[in-house]
Amino acid sequence: MTVSGLGGAVSTAAEDNAADIKQLVIFELAGGIYGLDIQSVREINRLIDVTPIPKAPDFVEGIINLRGTIIPVVDLAMRFGLETTARSKDTRIVVIESEGHTLGMKVDEVSEVLRIKTDEIDEAINMTTTGIDADFVEGVGKVDDRLILILNPDKLFSAEEHLELAEIAVD
Amino acid sequence: MSVYDNLVGMEEVLDEFIIETIELLEAVNEDLVHLESDPDEELVNRIFRAFHTFKGTCGFLGFTQAKDLAHVAEDLLNQLRNGKLQPSGAIIDNLLASSDWFAQFINDVKEREEKVYEIDPLIEKLKASMGDGAAAEAEAIAADGAHEAEGEAIATDGAPAAEGDGTGNGQADKNEVCIQRLDGFLNKIETELAGADQQITEENAGQLAGQFSDLQLLCSENQLPTIATLMDYTHQFLVAVEKGKLLPSAEGNVVLVEVLHWLHEVLDDGREQAELQDADNSTLLEDLAALIHGEVTSAAVSKKQGDGAAKGVKAAAGGQTIRVDMERLENLMNLAGELVLSRNQLGQAYSTLAAEKTADSSMDNLDQVNNSLGRITTEIQEAVMQMRMLPISNVFRKFPRVIRDLARDKGKQMELVLIGEDTELDRSVIESISDPLLHLVRNAADHGIETPEIRKAMGKPETGTITLSASHAGNHIIIEVSDDGAGMDAEKLVAKALEKGTISSMEAESMSYRDKLNLIFRPGFSTAAKVTDVSGRGVGMDVVSTNIKKLNGAIDIETKVGQGSKIVIKLPLTLAIVTGLKVAVWDEEYIIPFGSIIETVKLDTSALTKVEDKWVIRFRESVINTLYLDEWFSVPVDKDKKDQEYYAVVVSVAEFRYALVVTGLNGQEEAVIKPLGQVLGRIPGIAGGTIGGDGKITLILDVPELVHRMGLG
């Protein structure tokens, strides 16, 4: 893996290169492969003590203590309506920034950080095959015959969840 | 063009003006009420100075109407000061009305609203008060000599009584008197200065300021407005030095000497031409303005010497204070909270390490550091908390005025006794408690205290007493509002509630004595036959109850028919840190804030009965609603464990009581409340979480919300 695009004194070619390349954090969820732009990922943690919250929506796994701040953790598989896998030693919490809020997502495994050329990402895809609401899928990347669903962190908890969460907040 | 257009870039000055005026108004209200019962010279002086300051600053900022009103009020006060008038009820009324007007005005300034106010009636009233005085004054003058009479009469702004006194050679006489008096003042001031090596000091500034204030008055009385303005500026400058807002400086001394010098010139001219001419000296005016302005702009962090404006505020006793943005304090508070958590975690880590390692000198060192860090952290936290604390006198001080107005209004006689004004509590609590207390005090005065005739007939003293007291009890503050009035009749309350349809007759039968009294907190329940402007402000006792609930507080009523009522409010000292009871619900733990807890009992499950789908328990003669927390929170229950013990935590939400059933009581916990993250919004029944020493999160119950949710509240 090259480190082009880092630092200011790189060649024009390298800059072009950087604009064309996206770094993705790749993780697994119920057998599928997903990617998130590394820009929106704050850190990746092992599954530590999660305190369950009574009366919270189903997809809310609970809350964790992230160095003195309490952040919610969602079960991403549950959010996507996928089968939830039992916790294992590979289970991770991916801490992201979504619409200015910090939250954790429970995923089955984080495998790697992948560099992908933007022209290898197909943004207009037919979602019927994926079974996932197209709204929070930014596009599909294709690397070595693997298909990666690239998620849009800002859209992950929009629409219905916001409605559901708003209901909690109001009454 | 708006008056605010001229003030662009002076927001700081304007904000400072707002804060200062609000503070002064509070003191004025208090002083005026005092003054009525105790005509004290110092009180009059203080009120006079306040209005004088209003006049000056409002003029400076371009609020003409406010300046005009302050001016008339100041004139009236000046007559009180000279002993030409006595503070009658009517005069106090008018002055209080002026103070109210200013409060309204300041509110508008806060919103940057410019209005044209209807102030003429008020000004007329103030002038009319003076009119009385002017007549009395005329008598006094007869003995005193005609010269003085003329001068003072003009001061009353052409009040009718004075007009007739004008004589043919009045003008010349007036000049003569004025010149003499000016000369007299100059002499006094110069002697004063000579005694202090021509230096202005914090000690002599007050004296000097007073003389310039009198000079200003003298000048405006004699139609020398421009000179008067200069005198006013000099006065303001000196007051700033007296209060320690400005340090005595060489520049200040020079300017003062120049002012005096210039005044001599004016005087000499006046003598030559046998007529004092109004004269302008813009250079001096600018110099003074620059001096004063230097004070105003730095006032945001100014060291303020307590000027004793508010009796009873103990901080005023020479203490130096600094104003800090609430947000910064809030931030500091959060950081202190973090520090506490980290300290706890370090402690935990140390214990683990100590258990594994054998003791050696490095471990001893670590132990010491750990201990001292712990101590310092606790102290920092306490110090930060302390900073947010304000004495409850901030709320109490407005009540004497309320009682006074009500007494006059209703033809009642009553006295307000304040106890424990120094009791401190968190600023946020102070803010939220103010309105409920106001309502309770009004209620006591309006519904509690009887008219003097009735009281006499009942063999009570004609003057009713309302007592407002505050005291600390552990981590709580207890506020009591009591009166020796009519008291409440529980049966009458029930009858009333039935009549209004607030309760059904079935409900009425099952009500305990407490429940019956608590009816007054129901929405739409008011025992006052007619809606007065006292109780008719749209704030009912139900709002009191709601506010107390929001603060995690509890209310209790004690009353005896014919002897009076007492309403007891229990509040947490602060909202940021909760002291609570850690309870176990099977394998999970929750914290219930102590503020809500009445008591805990070991539960005899056979005492529970189900009424219409809900569990209830008989507790101290009341039937109270009961909630199994495990059911409510869907906590996994260990069904096999047959002999599980249960405890009931009896909580109070405002005036209602509930029992929360838990499986264990795990001791006291001091918790810094943290939000659960915005994504989750608010989870019903959970106030937030706290991070324990082991890094684990424990949820803190929001008891009022919880009972509301379970359909009981």
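**Close-up views of charged side chains in a predicted model**

**View 1. Lys106(A) and its salt-bridge partner in chain A.** Lys106(A) is buried, its relative accessible area being 7%, in this predicted model. Its side chain forms a salt bridge with Asp75(A), with 3.6 Å between the closest N and O atoms. The pair links distant parts of the chain, since Asp75(A) belongs to strand β5 (residues 69-75) and Lys106(A) to strand β7 (residues 101-107) of chain A, 31 residues apart. Asp75(A) is likewise buried, with a relative accessible area of 4%.

**View 2. A salt bridge between two loops of chain B.** Lys460(B) pairs with Glu450(B) in a salt bridge whose closest N and O atoms are 2.7 Å apart. Lys460(B) sits in the loop between α18 (452-457) and β6 (464-473), and Glu450(B) in the loop between α17 (427-448) and α18, so the pair ties together parts of chain B that are 10 residues apart in sequence. Lys460(B) is buried at 15% relative accessible area, and Glu450(B) is buried at 7%.

**View 3. Arg455(B) and Asp484(B).** These two side chains meet in a salt bridge with an N to O distance of 3.0 Å. Arg455(B) lies in helix α18 and Asp484(B) in the loop between β7 (476-483) and α19 (490-500) of chain B, 29 residues apart. Arg455(B) counts as buried, at 0% relative accessibility, whereas Asp484(B) is partly exposed, with a relative accessible area of 22%.

**View 4. A negative surface patch on chain A.** The patch is formed by Asp20(A), Asp119(A), Glu120(A), Asp144(A) and Asp145(A). Asp145(A), in the loop between β10 (137-143) and β11 (146-151) of chain A, is exposed, with a relative accessible area of 73%.

Methods. Residues numbered from 1 in each chain as written. Chains lettered and ligands numbered in written order. Predicted model: local features only at pLDDT ≥ 70, side-chain atom pairs only at ≥ 80, totals over all residues. Heavy atoms only, no water. Patch = residues over 30% accessible without salt bridge, like charges linked within 9 Å, V, L, I, M, F, W, Y side chains within 5 Å. Areas by Shrake-Rupley, 256 points an atom, 1.4 Å probe, with all protein chains shown as cover. Salt bridge = Lys/Arg side-chain N within 4 Å of Asp/Glu carboxyl O. Lys, Arg positive; Asp, Glu negative; His and termini not counted. Charge placed at Lys NZ, Arg CZ, Asp CG, Glu CD. Helix = DSSP H or I, 4+ residues; strand = E, 2+ residues; numbered from the N terminus. Buried < 20%, exposed > 50% of the residue type's maximum accessible area, 1.4 Å probe, protein only.
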